[in-house]
Structure formats: C-alpha cells, structure tokens
Amino acid sequence: MKVQQFYKRIFILICIVMVCTISSTVFAAMDPVEVEKRNEQAPYQITGEVTSDKLYKDVTENTKHPIQVRKVTIEISEVIKAPTGLEKNNTVELYYHYIPSWDASEYVGGARIDIAIGDVVTVWLSKGDYGWEPAMGGNSIKHLTYSENRVDYVPEPFLHKVAGMDRTLGNTSPNVFVLCGLLAILGWAFLRGLRKAT
C-alpha cells in the first residue's frame with residue numbers, strides 16, 4: 001500500500017511540475033489586411049537602394065534600451081506613387097527609429113525596421129515628426145535585396161550578452177529541463193521501488 005501511495009505522490013508531483021513549467025507567450029502581430037490597407041493609404045511609395053545611413057538624433061530615455069532616430073538616403077529606381085512635385089526625385093531621405101537587434105525582443109507590436117546600406121527595398125512613406133518615415137515601421141518596408149553587411153550601430157553591452165546567454169538557456173530549453181527532471185524523478189522512483197521490493 002505504501003508503494004502505491006508513493007507512486008501516486010510522484011505522479012502528482014510530475015503533473016504539478018509540468019503545469020508550472022508550461023507557458024505560452026503570445027506576441028501580437030499586426031493583421032496583414034490592416035497593414036496592407038494602411039500601406040495603400042501612404043502618399044509616397046518608392047523602390048530604391050539604401051546608399052547611406054546616419055545618426056540624426058539619439059532619443060534614448062533608458063540607457064538599457066537605446067533608441068536612435070536615423071536618416072537614410074535611398075536612391076530611387078522606381079516611383080510607384082508620389083505627391084505632386086516629387087514624382088521625378090532621384091533620392092529620398094527617410095527617417096526611422098532604430099532599435100538594436102540585440103534589444104528587439106524587449107518590444108512587441110509592429111515589425112522592427114531592419115535596413116542597411118546596400119538593401120534594395122520598396123517603402124511606403126508618410127510624413128512624420130522628422131520628415132518622410134515608413135508609414136507603419138518595419139511593416140512598410142519590403143526587401144527586394146537583403147545586404148549581407150549589416151551593422152548594429154549600438155554595440156551590445158557585455159553584461160547584456162551574459163544575461164542574454166542565461167536568458168537563451170532558460171527560454172530555449174524549458175522542455176529539456178522538464179524532461180530531464182521527469183526522467184530523474186522516474187529513475188529515482190524506480191530505484192527506490194526496486195530497493196523496497198528486495
């Protein structure tokens with residue numbers, strides 16, 4: 001009888017561990033229909049190559065999460081839609097909020113803007129606080145060519161790297177930890193049962 005109670009307790013413990021470690025995180029992506037609709041409403045749509053990317057203004061409020069406004073020059077190869085007077089422009093200056101790739105996981109919502117010198121992109125633009133900006137952030141930039149030379153303008157701090165390694169270990173392998181824990185508990189229970197049987 002004691003052995004059966006022991007196994008019942010082990011089973012309950014395993015169930016509790018599984019319930020505690022199973023988590024579901026949902027990041028809300030924007031509705032593709034809404035993105036398309038908002039992009040179509042943008043007054044300026046061009047295709048071209050990114051030829052420069054310069055710091056315009058640092059707008060960091062929290063030093064752990066740097067944000068910059070950067071100014072990109074795009075050499076236009078095709079004007080798809082433009083306000084009057086801009087149809088024949090050869091270049092456009094685009095302003096965007098830059099978030100380093102190493103800090104992007106801290107933000108949810110629309111897509112992060114990921115452009116680099118050498119990219120060929122189609123962009124939907126609207127007037128913003130600084131000038132022409134992607135109408136819906138990264139959701140308003142479609143890459144036709146993706147340059148291999150990508151730069152993080154703000155290098156990742158050493159302590160963030162260390163914390164990231166710890167976070168990666170914790171986030172990517174919870175199932176492995178749970179499985180190892182369950183196997184250890186079952187192995188321990190099996191050995192204990194063998195000892196009691198003898």
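Modeller: Helices (H or I, at least four residues) and strands (E, at least two) are DSSP runs, numbered from the N terminus. In this predicted model, where residues are numbered from 1 along each chain as its sequence is written, local features need pLDDT of at least 70, side-chain atom pairs count only at pLDDT 80 or more, and totals for chains, interfaces and linings use all residues. Side-chain values use heavy atoms, with hydrogens and water left out.

Colleague: Which elements does the protein have, and where is Ile12 placed?

Modeller: The protein has 4 helices and 6 strands, following the pattern α-α-β-β-β-β-β-β-α-α along the sequence. Ile12 sits in helix α1 (residues 2-21), and together with Phe11 and Ile16 this residue forms a nonpolar patch on the surface, with about 320 Å² of accessible area (Shrake-Rupley method with a 1.4 Å probe; for residues, only the protein chains shown count as cover). Such patches are made of residues with over 30% relative accessible area and no salt bridge, like charges being joined within 9 Å and nonpolar side chains (Val, Leu, Ile, Met, Phe, Trp, Tyr) within 5 Å.

Colleague: What does pLDDT say about the elements of the protein?

Modeller: pLDDT is the predictor's confidence in each residue, from 0 to 100. The mean for the protein is 81, with 79% of its residues at 70 or more; among the elements, β4 has the highest mean (96) and helix α3 (residues 158-172) the lowest (58). Over residues 23-27 the pLDDT is below 50, and beyond near neighbours in sequence this stretch has 1 contact (heavy atoms within 4.5 Å) in the model.

Colleague: Which residues touch the most other members of the largest nonpolar core?

Modeller: A nonpolar core is a set of buried Ala, Val, Leu, Ile, Met, Phe, Trp, Tyr and Cys residues joined through side-chain atoms within 4.5 Å, where buried means under 20% relative accessible area, exposed over 50%, and partly exposed in between (1.4 Å probe, protein chains only). In the largest core, which has 19 residues, those touching the most other members are Ile74, Val92, Ile115 and Leu125. Two or more residues come from each of β1 (44-58), β2 (68-81), β3 (91-98) and β4 (120-127), and β3 gives the largest share, 4 residues. Leaving aside neighbours within four places in sequence, Val92 is in contact with several residues, including Tyr44, Ile74, Leu125 and Trp132.

Colleague: Is Gln68 buried or exposed?

Modeller: Gln68, which is in strand β2, counts as buried because its relative accessibility is 8%. Not counting residues up to four places away in sequence, Gln68 touches, among others, Leu55, Lys57, Tyr96 and Tyr153; the C-alpha atoms of Gln68 and Lys57 are separated by 5.9 Å, although these residues are 11 apart along the chain.

Colleague: How many salt bridges does the structure hold, and which residues does Asp53 pair with?

Modeller: A salt bridge is a side-chain nitrogen of Lys or Arg within 4 Å of a carboxyl oxygen of Asp or Glu, and the structure holds 5. Asp53 pairs with Arg70, the closest N and O atoms being 2.8 Å apart; since Asp53 lies in strand β1 and Arg70 in strand β2, the pair ties together parts 17 residues apart in sequence. Asp53 is buried, at 9% relative accessible area, and Arg70 is also buried, at 5%.

Colleague: Which residues are linked in a network of salt bridges?

Modeller: The network links Arg112, Asp114, Asp119 and Arg150.
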